[in-house]
Amino acid sequence: MQKCLLPRMDTNRFSPLEEMVFPFVPENDSGSVDLQLSKLEGIKKDANSIDFTVDSDFELPGTSKKNASEDVTPLLIEGPPGLIIVENLIDSVQDFLNGDRKGDAEKLTFLRCLSSLSQTLPYDETAESFIHDRIEQIVNALNMIIQQEPLHSLFTPTRQEVFTAITDLSSQEINLLFGSKEKLDLFRNLIRSMIALPSTKILNILQTVMPTGQYNTESLYRQTFQAFCEMLQSLVIQDPHLENLDQILEYMEPWLQSAKDQERERAAASMAQMLRSLSRHVNLQPPLHFQNLGKLVALMSLLCGDPVEEVTQEAAEGTHHLLRITLRIKCLTYDKKSHQNFKGAVKKCKELLEIYNIRQFYSNPFKIAQVFEVFLSPNELSQYIITTLDGLKNPKHPCIQQSAGILLVTMVKCAETRFEKVSDIIRAICGRLPIIGQFIARQHAMNIVSLLISKPTYTDIVLDQLLLHPIPFDRHLAELWRTLDVDLPNTTWILWRLLRKLQKCHSMVEDKMAFMAVAATDALYEIFVGNKLQAATYRLFPQLLMTLLIQMHHSIGLTMSDVVFPSGMYIEEEVVITCTPLSFAIQATKALLLRTTCWFEFYTMEKKKGWNLLELESDHIQGVSLLANVLLEKHVVLAQRILYLLIPLLNRGNEKHRLTSAAFFVELLRSPLARRIPKRYTIVRLEEWLHHENYQFRVLSLKGIDNLLCYHQGMEEIDGMIPAILSNLSEANERIVLLSISILRNLLNTMDFTTLKNTMHALFSLFSDVRPKIHLLAVTLFGDSIKMVKSKDKKEIEGRILESLIPLLLHLQDEDDDVAKESSRVLSIICHFLKWKIPREVYHKDLWHGRSGIEAICKFFEQKCRGKCDMLIQAAKYIQSDQVNLRREAIFITGALAKFMDRNELRTKGTEWLEEILRPQLYDPEPSVRIIAAQALIRIQRAVLAQPEPTPVLSRLRKLFNFIYH
């Protein structure tokens, strides 16, 4: 291979590292940015005409201010090169590209020839064509060379020559680093090859251990690093549209945040030099393609708080130049419509620079946020926040975490409502919380959430993002909810917006449950546990309690499999098995009661199994009623606030929503405050529910009416509902019947005779009801109704009263002692009403132990009621009773009545129907029933077959004749 005979540059042409770190600007540097506010109108026309006065001593070593290309590398060849030289250079490069043996000497020769060949491009079309046709081969060769360089040592100038060659080609607009995947891989490897080297101390030790004798390691390192910095500068100084800056930042970012001090120092120094060169030599032109200004500002800000002083100084210098670049960018891109805003931003920046010296950037990095905030767009602000958050993840350097936290809080407070991608910021914070170990750093991150959520513009956005996490929230998200630190005026607004998100889910009529409903419920629980929003919790207590009770009703019977999760969200199997939507609602309700000091209500619900009632579909309304009653008993003020809240809620939402609201509402009607509520919200609504097709609404209507009657409210309007209430006595639902009887008892004093008569008729139909409570209340109210009958109406009601004698007599033997006692009491009332002197046997303690007493009573009733009512029919109704006692005594009374009845009347009516009822009882499982049934049948047959008794006149004559003849 023909050797290249071109003269080489002095190997010591690069300055040491100490010389390339520029001194700081003087104390009066705040005046170095002459913004010329008075000439702002013309700033758009010539954005680069702004006078940025810089000390003339600030020059890159080895460069002059002639032009941008001279700033990087002086040309090796002056004037047009000879044809033979160009051919030799091309041959040398081609030989390397085609050759197999590639040792250090061949690599150096190739790189130097490539660098020299780049100088011929302006003068030789052959060289230019050769380079352009072999770009891909050159990139691959450079990539191979740089990958073969060891990362743990620096013994040859190969790296330096690679950087120099790329710099020379870049100055001739030959792109080797951007575009294709191979080029980007080369760029990544170049950065890694330089920045990942060990520290200079280790490199010196390696030279001592393994001396090569060719190069001084310290000098070689400085020259190599300077070549690397010049390579980066060459990529931007001829880029007026900043197309390459984004790509450079992308590959430099991990090194700027490296955990190794020497790597951060090199990255910061190279970025500072690149920014300095960019701020001095580049004439920016629209359109600008740099999209990551916020990220770059954040990275430099973090480095200004670095624990390594060299890194801090380099970062502060770079930040100074970055501010100049930012001003130029904004002058080119600001919108004329927002001229006044931009003018104000520039003025604010100038004022801050007058207060803060640039030197203070490295000692007070948070001031960077104040200075740059006025120029960053909403998108750039989001970049800044997200990038700064990464600084909180650095566990090795707590001071960086602390600086990042202060920078975050400062920027959010300064920018306030100018953020646009708030959801991205919140997502970034939530994603980084698990890896932020330092307590103060975690607090800073969570403070950002508190600051953003307290702004009404962002509240919903922040809430939506926080709720889009798997439930139950992990300990990091739970901590975030519990530690929300918001100013008092904003706490109610935040809690209200969260509550509204839960309420909106209740308006959906679906078999499934929205994930947002369960997540919002869990969030409320965490907020109650943290107790940071205590004032808002008290203020919104009525809304919170009712919403959670409604959420419980919607959650009954659902599992986590019934929850519609957002796409892509994974829920652990253990959560699906152990948790339910209902469990989230109950724990939130418990926490709410405890945090609002409703201790009595909480323990009463536990003692009376109220929480268990709330979990069941059939008993949920009862559980709600229990809680309402206890709350009304101990916290009247809270209960009254809920009462006013419920009025508009009763007709909203689906049926479960209205049922829960109605259950709480009717219980609060016992409050004296209910008197002030207009009747259209109480009486009218209760009457509508009384005719509702859902029996639960009818139950609540009756309960509400009963509660109103406690304070004698709406008596006249309720009187008009009595027909509907009487119809409810035939309902199968026991609760409806019991409530109806209770209401009728309260209305007895206001009933006219017709209504009273209808009521007694309806109550008598319940005497044979097998439900003890209904039977007892029906008998009691029947007796009370008799007392209300006036003397003039006795004849008209007498028939109905006589029909009740035998049932009452039979129920003296009822299995329920209360029913038996009440039957005895009502019998006495009837006898008093009819003015009968009833046989004493009725009141005998062991009436049924001696049959003579029963027969005497039957004989008395039969004589008193003859021709007025059919007592056999009354007794026959109980022959098939489920209770053995009633069945047996009904059979006995039937036989006794047949014995004392008029024979002619008995024959006229016939006894076949009665015998058909009695014969099956001969096979009753109970022996005593079979015996008495047989006796009753014999009595009936004898009564029918017996001769009629003589009239009283004939009897007396027979006695007279017997006396005469005897």
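**Group meeting: aromatic rings and the nonpolar core**

Okay, let's start with Phe225, which is buried, at a relative accessible area of 2%; buried is under 20%, exposed over 50%, partly exposed in between, with a 1.4 Å probe and protein chains only. This is a predicted model, where local features need pLDDT of at least 70, side-chain atom pairs count only at pLDDT 80 or more, and totals for chains, interfaces and linings use all residues. Residues are numbered from 1 along each chain as its sequence is written, and side-chain values use heavy atoms, leaving out hydrogens and water.

Rings of Phe, Tyr and Trp (its six-membered ring) pair if their centres lie within 6.5 Å; planes under 30 degrees apart are stacked, over 60 edge-to-face, the rest tilted. Ring pairs join Phe163, Tyr221, Phe225 and Phe228 in a cluster.

Now the largest nonpolar core, with 298 residues, where Trp481 and Phe664 touch the most other members. Helix α9 (residues 217-237) gives the most to this core, 11 residues. A core here means buried Ala, Val, Leu, Ile, Met, Phe, Trp, Tyr and Cys residues joined through side-chain atoms within 4.5 Å.

Last, a charge: the charged end of Lys634 sits over the ring of Phe600, 4.8 Å from its centre. The rule is NZ of Lys or CZ of Arg within 6 Å of the ring centre and within 35 degrees of the ring normal.

How values were computed
Helix = DSSP H or I, 4+ residues; strand = E, 2+ residues; numbered from the N terminus.
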